[in-house]
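Here are my notes on this one, jotted down as numbered points. Have the model open while you read.

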Amino acid sequence: MSLTNSEMTCFRVCPRKHQYRYIQLRRPREDSGALSFGRGMHELLEWMGHGDARKPAPVISDPFENAKASAM
């Protein structure tokens, strides 16, 4: 068994992260559409609440998600 430099660095930084990533072979969960939509809505609501006119409103790039956000 050989260890890579990144595996050794990971272990030095956080042994638990090393356990999850290299022993149990777990990977971070991918960002789902619902999570990205919710994050975008929170950013938009925060922008609306603080009303900083110099900062542009957050943009939701997907036309379907944009229509859904507008309806809400």
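**Notes on the model**

1. Let's start with glutamate 7, which touches His18 and Tyr22, leaving aside residues up to four places away in sequence; contact here means heavy atoms within 4.5 Å. Glutamate 7 sits in helix H1 (residues 5–13), where helices are DSSP runs (H or I, at least four residues) numbered from the N terminus.

2. A word on what you're looking at: this is a predicted model, where local features need pLDDT of at least 70, side-chain atom pairs count only at pLDDT 80 or more, and totals for chains, interfaces and linings use all residues. Residues are numbered from 1 along each chain as its sequence is written, and side-chain values use heavy atoms, with hydrogens and water left out.

3. Histidine 18, in helix H2, has 11% relative accessibility and so counts as buried. Its contacts, again skipping residues up to four places away in sequence, are Glu7, Cys10, Phe11 and Ile23.

4. Now the loop between H2 and H3, where you'll find leucine 25. Leucine 25 has a positive phi of about 55° although it is not a glycine. Most residues other than glycine have a negative phi. With a relative accessible area of 61%, leucine 25 is exposed.

5. Proline 28 is in that loop too, between helix H2 (15–23) and H3. Its relative accessible area is 65%, so proline 28 is exposed. From proline 28 to valine 13 is 15 residues in sequence and 17 Å in space, C-alpha to C-alpha.

6. Over in helix H4 (residues 63–71) there's alanine 67, partly exposed with a relative accessible area of 46%. Alanine 67 and methionine 8 are 59 residues apart in sequence, and their C-alpha atoms are 47 Å apart in space.

7. Which helix gives the most to the lining of the largest pocket? Helix H3 (residues 33–50) does, with five residues. Of the eleven lining residues, Ser36, Phe37, Gly40, Ile60 and Ser61 are the closest to the pocket's centre. A pocket is an open set of points on a 1 Å grid where a 1.4 Å probe fits, with protein on both sides within 12 Å along at least five of seven lines, and lining residues have an atom within 4 Å of a point.

How values were computed
Helices (H or I, at least four residues) and strands (E, at least two) are DSSP runs, numbered from the N terminus. Buried means under 20% relative accessible area, exposed over 50%, partly exposed in between (1.4 Å probe, protein chains only).
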